[in-house]
Amino acid sequence: MALSNKSTMIELELSSPLFFFCLVPLLFLFFINCRTSPKTNRSSSSSNKLTTKLPTSYPLLGSFLTIVKNRDRSVQWTSDLVRSTPTSTFILHRAFGQRSVITANPANVQHILKTHFHIYQKGDIFRTTLKDLLGDGIFNTDGDNWKFQRQVSSHEFNTKSLRKFIETVVDAELSNRLIPILATAAASKTVLDFQDILQRFAFDNICKIAFGYDPAYLLPSLPDTEFAVAFEEAVRLSSQRFISVAPLVWKIKRVLNIGSEKKLAEAISHIREFAEQIIKEKKQELSEKLSLDSVDLLSRFLSSGQFDDDLVTDIVISFLLAGRDTTSAALTWFFWLLSGNRDVETDILEEIREMSEGTVYDEVKDMVYTHASLCESMRLYPPVPIDGKQAESDDVLPDGTALKKGMRVSYHPYAMGRLEKLWGKDWAQFRPGRWLEKNPAGAAAGKWSFVARDSYTYPVFQAGPRICLGKEMAFLQMKRVVAGVLRRFRVIPAVDDGVEPVFVAYLTSKMKGGFPVRIEERAGRGGA
Ligand code: HEM
């Protein structure tokens, strides 16, 4: 799996001549011990106890060595740091004097994502790093270009499209692919990597939404579908640019077309060739039709006549990235948590069995307890665990942290889901009940109502003007999968008792090494 290559890549970079050329002089400075105390934000630097927990910063090197030491658990490490400061914010000193702010403070999150949205953009660092893969697609652009793409895409997420999505795309994938694979695994007592299965499921779904094309990635043979593999490779290599010793390292490799950059260029060229071919076919199809009855995004963008082919390709690739690993990450951790909380599973089953006789769409919309359970699982394991912006001008956050123009600021949903001051003493417990209240009276008396948290305390889907466009679609898809799977099967982790999966982040969160499970048919169940 792609993840296992991550640390290998970092080691490669650390052993490269470039690394020694740039950093040996700095290591010398480090060993002669001319170190400074870490400067944190105003409030936390006033507390000795807390400053000792923050990594020491050295001239030029910053906290580089500690960052490298924690590279395989950077989300957990930064989460521990941010949670240990009184304002839930700290400044990380990177090499060459670069500083970035990391925060888990809801007031700061609201400031960055909503009230001072105009100051906090994707910025040059993010855009340049992902430019080869995402071009100027919605995920990688700011200003008017972003606004227009968002406006056109939002039609894909209206009720009619969502209904069609759940009733055609998701249900077909579920009944024709996922359920048969699980039934076979149950009958043959095979161990499946459930993370891989869910990723394949999500990839087929998002390709159908974005392109109107079925890559058939979730088949019993678990094929190495060329397009899917190229996409996986391109995301993996692009995200490794973020953990490069310095951006200069990957930029030089790119110019020389060597190592990981050569592989990245090949994967991207494969993706674009493939996308261009689909665009050609789709244009042909559209020219032969009198009216637009396709639901896919590609048809919508091509028919708008506002975008050239290159930009349409960029936009579609952004959507593949947005929808590919997010729902699968959420579901992987959800099934893991459920396996250790059988009481929650029982309540979900009860809800599934009581579901209305209406259409699939209405049924899924009514699954309040399952909705709460998914929110609770994403609180502890958010699919996008940490996300960043860049300040376009000097600014001061509500907790007093000062930012200079060009500084990166990251908000940290993983840390925020673990803050006692936000979730109470039992924050570590998987308890869907914290999102629910019983209706006291009326027709729905005794039924559960969902109690949402504000999106700055729970920015799992981001918040403000750039809040995730696919949020509702994601919930519909996830609830349909949960209902389809649990109604018929039990998912049992195939790991020794007491073994916990390892959380790793890779743009989106993953279980290191996959999620091995056994599937059991529930007694007395028929089909999906
Ligand atoms: C559990 C599932 C999901 C989670 C947790 C999630 C989370 C997020 C987050 C954190 C962002 C902000 C990323 C950034 O700007 O850096 C985002 C943006 C976005 N998401 Fe999702 N997402 C999910 C599923 C989906 C799905 C299924 C789709 C589409 C089919 C989608 C489409 C988008 C789009 C288009 C954006 C960009 C919005 C913009 O910049 O205006 N997401 N999502």
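Let us start with the second largest pocket: how many residues line it, and which lie nearest its centre?

Modeller: This is a predicted model, where local features need pLDDT of at least 70 and side-chain atom pairs count only at 80 or more, while totals for chains, interfaces and linings use all residues. Numbering runs from 1 along each chain as its sequence is written, and side-chain values use heavy atoms, without hydrogens or water.

The second largest pocket is lined by 13 residues. Glu351, Glu354, Asp366, Lys447 and Trp448 lie nearest its centre. Two elements give two or more residues each to this lining: α18 (342-353) and α20 (368-380). Helix α18 gives the most, with three residues. Here a pocket is an open set of points on a 1 Å grid over the protein atoms alone, where a 1.4 Å probe fits, with protein on both sides within 12 Å along at least five of seven lines; lining residues have an atom within 4 Å of a point. Elements are DSSP runs: helices of at least four residues, strands of at least two.

Now its make-up. By class, the lining holds seven charged, four nonpolar and two polar residues. Asp, Glu, Lys and Arg count as charged; Ala, Val, Leu, Ile, Met, Phe, Trp, Tyr, Cys and Pro as nonpolar; the others as polar. The volume of the pocket is about 410 Å³, taken as the space filled by probe spheres set on the points.

A polar atom in the side chain of Trp146 lies 2.7 Å from one oxygen atom. For Gln462, an N or O atom of the side chain is 2.9 Å from a ligand oxygen. The side chain of Arg466 also has an N or O atom 2.9 Å from an oxygen of the ligand. A polar contact is a pair of N or O atoms within 3.5 Å.

The ligand also has an iron atom. Its only protein donor is Cys468, through SG, at 2.3 Å. Donors are N, O and S atoms within 2.8 Å of the metal, or 3.2 Å for Na, K and Ca. Cys468 sits in the loop between β10 (448-450) and α23.

Move on to the helices and a strand. Ser339 belongs to α17. Ser339 is buried, at 17% relative accessible area. Buried means under 20%, exposed over 50%, and partly exposed in between, for a 1.4 Å probe and protein chains only. From Ser339 to Ala415 is 76 residues in sequence and 23 Å in space, C-alpha to C-alpha.

Gln195 is in helix α11 and is buried, with 3% relative accessible area. Gln195 and Ser328 stand 133 residues apart in sequence, yet their C-alpha atoms are 7.0 Å apart.

Tyr411 lies in strand β8 (residues 408-411). Tyr411 is buried too, at 3%. Its C-alpha is 8.5 Å from that of Lys389, which is 22 residues away in sequence.

Leu60 has a positive phi of about 65 degrees, though it is not a glycine. Leu60 is in the loop between α4 (48-53) and α5 (64-69), and is partly exposed at 44% relative accessible area. Leu222 has a positive phi near 45 degrees, again in a residue other than glycine. Its loop runs between α11 (194-211) and α12 (226-240). Leu222 is partly exposed, with 32% relative accessible area.

Terms used. Polar contact = N/O pair within 3.5 Å; in protein donor to acceptor, adjacent residues only side chain to side chain.
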